[in-house]
Amino acid sequence: MNTQTNQTASDVAVLIGRFQPFHRGHVVLLQRALVSAPHVVLVLGSSFQARNAKNPFTWEERAAMIGATLTEEDRARVSFVAVRDYYDDTLWAAAVRKAVAQSAPDAAHVALVGHFKDASSYYLNHFPKWENIVVESERAIDATCVRRVFFEAEDLDISLSVLDDMVPHAVRQYLKAWALLPHYAALVEEHRRIVAYKTAWKSAPYAPIFTTADAVVVSGGNVLLIRRGGFPGKGQWAVPGGFVEQRERLLHAAIRELAEETKLALLGTTLEGMLVDVKVFDHPDRSQRGRTITHAHFFDLQTENLPPVEASDDASHAAWIPIVELAGMEDQFFEDHFHILDSFLSLSEQGA
């Protein structure tokens, strides 16, 4: 790619996306951004989280694969900024504006380059003070399709040949090398499990909405966590919890799952007396498995002693983790569980 800027009132052009991975549709947007302003800021969303089948690449890996498609001249004009998922549009938009301002502090006029492809593009409306540059789609390519080809083909070479028409050559080569890393096989298996999970519900008359209950338990400056024993999120840290049964109240579900996964030896009635708060987490994209609404119950044992725990059921490991360590573990958590902990324990403030 080699571009030159035209005369424009924009000081900086912003392009926001997950780029999981960067494909030829994104190339069109980036080319437009490069001719719209002398400085381009690429906002890499869904950063700082654990790898999963929907977001397999770290923000550093995405920056590298995008940078590999640029000429040296254009690469000098592009800045990459990483923004986490906040599951709150107001907080997320504020974080994007702050990141752009830090990357281009002298920019008086900002242009936002984007393509309204579907409901997922609503985020473009969160920046009313920025000029909108809408780019029409010339090719029906989306990252979901790219990931499906990358993860589902039985032969990697065949998969990569199919992707020739969907991703830049430099990205194809990047994916070929990346597939040699141990992450690839695990994510292929996770992708397979999620596809099977969704297929099992295809015959339902309505799209299902799942209800879960989680237990955030603190004691003596520690929080009780588990490592997930199966897919999705195998090996990742999580808050104990699971699906609510048919004849079960939410609080009782949280306490039951806590006992099943950690064998925490406290009576349910005792835990009920230690309940401090309950919050609902209902972002439509919080889970790969489908629309899943969870109710997180916050228990404070109010003791310096740490009751013994033992992993069981869906957990491969259970442990008391110092709260002061959690901010540095963000990229090890399942789905939005770091966000759940953050909402109760203000972890992102500790890590600021």
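Here are some questions and answers on how the labels for this predicted model follow from their cut-offs.

The model is predicted, so local features need pLDDT of at least 70 and side-chain atom pairs count only at pLDDT 80 or more, while totals for chains, interfaces and linings use all residues. Residues are numbered from 1 along each chain as its sequence is written, and side-chain values use heavy atoms, with hydrogens and water left out.

Q: What makes a stretch count among the helices and strands of the protein chain, and how many are there?
A: DSSP runs decide: H or I over at least four residues is a helix, E over at least two is a strand, numbered from the N terminus. That gives 12 helices and 12 strands in the protein chain.

Q: What makes strand 4 and strand 5 a pair?
A: Pairing takes at least two bridges found by DSSP. Strand 4 (residues 110-114) has 4 bridges to strand 5, and the two run parallel. Within this pair, Ala 111 sits opposite Glu 131 of strand 5.

Q: Which order do the 5 strands of the open sheet take, and which strands are its edges?
A: The order is 3-2-1-4-5, with parallel pairing. Strand 3 (78-82) and strand 5 (131-134) are the edges, because each pairs on one side only.

Q: Why are helix 5 and helix 6 called roughly antiparallel?
A: Angles run from 0 to 180 degrees between N-to-C directions, with axes fitted to C-alpha atoms, for helices over the stretch in contact. Under 35 degrees is roughly parallel, over 145 roughly antiparallel, 65 to 115 roughly perpendicular, and the rest oblique. The axes of helix 5 (residues 143-152) and helix 6 cross at roughly 160 degrees and come within 8 Å, so the helices are roughly antiparallel.

Q: What makes residues of helix 5 and helix 6 a contact?
A: Heavy atoms within 4.5 Å. Val 146, Val 149 and Phe 150 of helix 5 meet Leu 156, Ser 159, Val 162 and Leu 163 of helix 6.

Q: Why are helix 6 and helix 7 called roughly antiparallel?
A: Helix 6 (residues 156-163) and helix 7 (residues 169-178) pack at about 160 degrees, axes 10 Å apart, and therefore count as roughly antiparallel.
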